[in-house]
Amino acid sequence: MGTMAASVEEISAAAPQALELHALQHLGELRSTFESGRTRPLAWRQDQLRGLLRLLAEKEEEAFRALHDDLGKHRAEAYRDEVGVLIKSGNAALREVWAPLVAFPADAQVVPEPLGVVLIFSCWNFPLGLSLEPLIGAIAAGNAVVLKPSELAPATAKFLEDNIGDYMDATAVKVVQGGPAVGEQLMEHRWDKVLFTGCPRVARMVMAAASKHLTPVALELGGKCPCIFDSASVGTGRNLQTSVNRVIFAKWSSCAGQACVAIDYILVEERFAPTLIKMLKSTLKRLMADSDQMARIVNARHFQRLSGLLKDPAVAASVLYGGKLDAKNLCIEPTILLNPPLDSAIMTEEIFGPLLPIITVKKIEDSIAFVRARPKPLAVYAFTNSAPLKRRIVEETSSGSVTFNDAVVQYGIDTLPFGGVGQSGFGQYHGKYSFEMFSHKKAVLKRGFLVEAMLRYPPWDEQKIAMMRHLYRYNYIRFIFTFLGLSRT
């Protein structure tokens, strides 16, 4: 995998002029296709989505192999988190996104129109899902698209490049492979929208490059997603075990914690921490006993980054479970830490891996102040049945989403928008929100000539001013009386 990614970079460095010409040719063809009106008809959009669904059905095994080659994902995880979600999203788009938004009365409308030629930067952790999910929305809205998959997932990037053109209109959808040099060259051109999924460091460069053309940008980033665990209201028995199962799913079962929506750390009352840790340990041994049940770390650089978080002596002393490192196979054992220093890197940076700090508080209500004191995350999770605590979390914290008594699953719900706020990103997609992200809502007002209100024209007098006052206050009865020159008593 590392060799394949490196070869892309070598090509990028060796032939920058060729890459620039290639990008220009792609962009020119896509813009010509869009300007011809080819992407606007409903039938064309539906055909592209059906083609994408055929690709997922006919090439499922190839997709599974690519995701396993890139990240070591089990086929069940690959279907649950990527292929299955995409099939659901594609079918939902075919059913639901076509009706324009209409504002009554009928002569005032909001008409959605495609933006034009859009650029999608995907990420490596869900390299199929984060490529095709926004593509569904962009095509549903009638755009032409360049998809730039991550060079850190080369098998999936090749799968997309080899197959997209066979199932979709190759004059309107292009896959461009390459590393940072290719991304920089793409951003030198004008786009009608850019969606970037990745880290804040690269997002700043994308924003800076987009500003040269005033290109609108949507950023899907991440952050440290907290999980508030209210032991008093969750109780014991089945509810507690279900909560622990769902924590494990949201931390270790989705790409080994390499997910922007993964639980980053847990907040729990200190008196209940030993019970929670005991249950996490026993459940991990039962659910994650085999190493092939969890994806591996994407590459050696990220493995070293995660290993480095544990090398801090104060952090290492807080490890209660796991921590074994397998550099050869890029695997890190699920790891639980109790109260690592709050100023350590593991508590100030997004972890993006299978390390789970547990932070104790005196009262569970103290967790709200803890979350508020930090940058706004992509998601806040809380396991609680307390209605007052739920209300406070919704009203007093800010995040891209809030999920109670589960985690990560909000990503797959088409009726909810997915996106961040503040440092976790901006712009929302999924379901109809994907259609809206890649559309312009054009206001259309149609008027006739039968009625003309002369009060909007000079010369002015007190009667006209009075009538305007009544109109702007929706007091139509007084308007009529004043128009007729009658005094209403």
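The protein chain exposes about 22,800 Å², an accessible area from the Shrake-Rupley method with a 1.4 Å probe, where for residues only the protein chains shown count as cover. Carbon and sulfur atoms supply 57% of that area. This is a predicted model: local features need pLDDT of at least 70, side-chain atom pairs count only at pLDDT 80 or more, and totals for chains, interfaces and linings use all residues. Residues are numbered from 1 along each chain as its sequence is written, and side-chain values use heavy atoms, without hydrogens and water.

The C-alpha trace spans about 85 × 60 × 40 Å along its principal axes. Of the 489 residues, 51% are buried (under 20% relative accessible area; exposed is over 50%, partly exposed in between; 1.4 Å probe, protein chains only).

E133 sits in helix 6, residues 129-140 (helices are DSSP runs of H or I with at least four residues, numbered from the N terminus). E133 is buried yet has no salt bridge (a side-chain nitrogen of Lys or Arg within 4 Å of a carboxyl oxygen of Asp or Glu). K88 is the nearest side chain of opposite charge, 6.5 Å away (Lys and Arg count as positive, Asp and Glu as negative; His and the chain ends are not counted). Leaving aside neighbours within four places in sequence, E133 contacts V85, L86, S89, Y429 and H430 (heavy atoms within 4.5 Å).

L484 lies in the segment after helix 20 (476-483). L484 is exposed, with a relative accessible area of 54%.

Methods
Helices (H or I, at least four residues) and strands (E, at least two) are DSSP runs, numbered from the N terminus.
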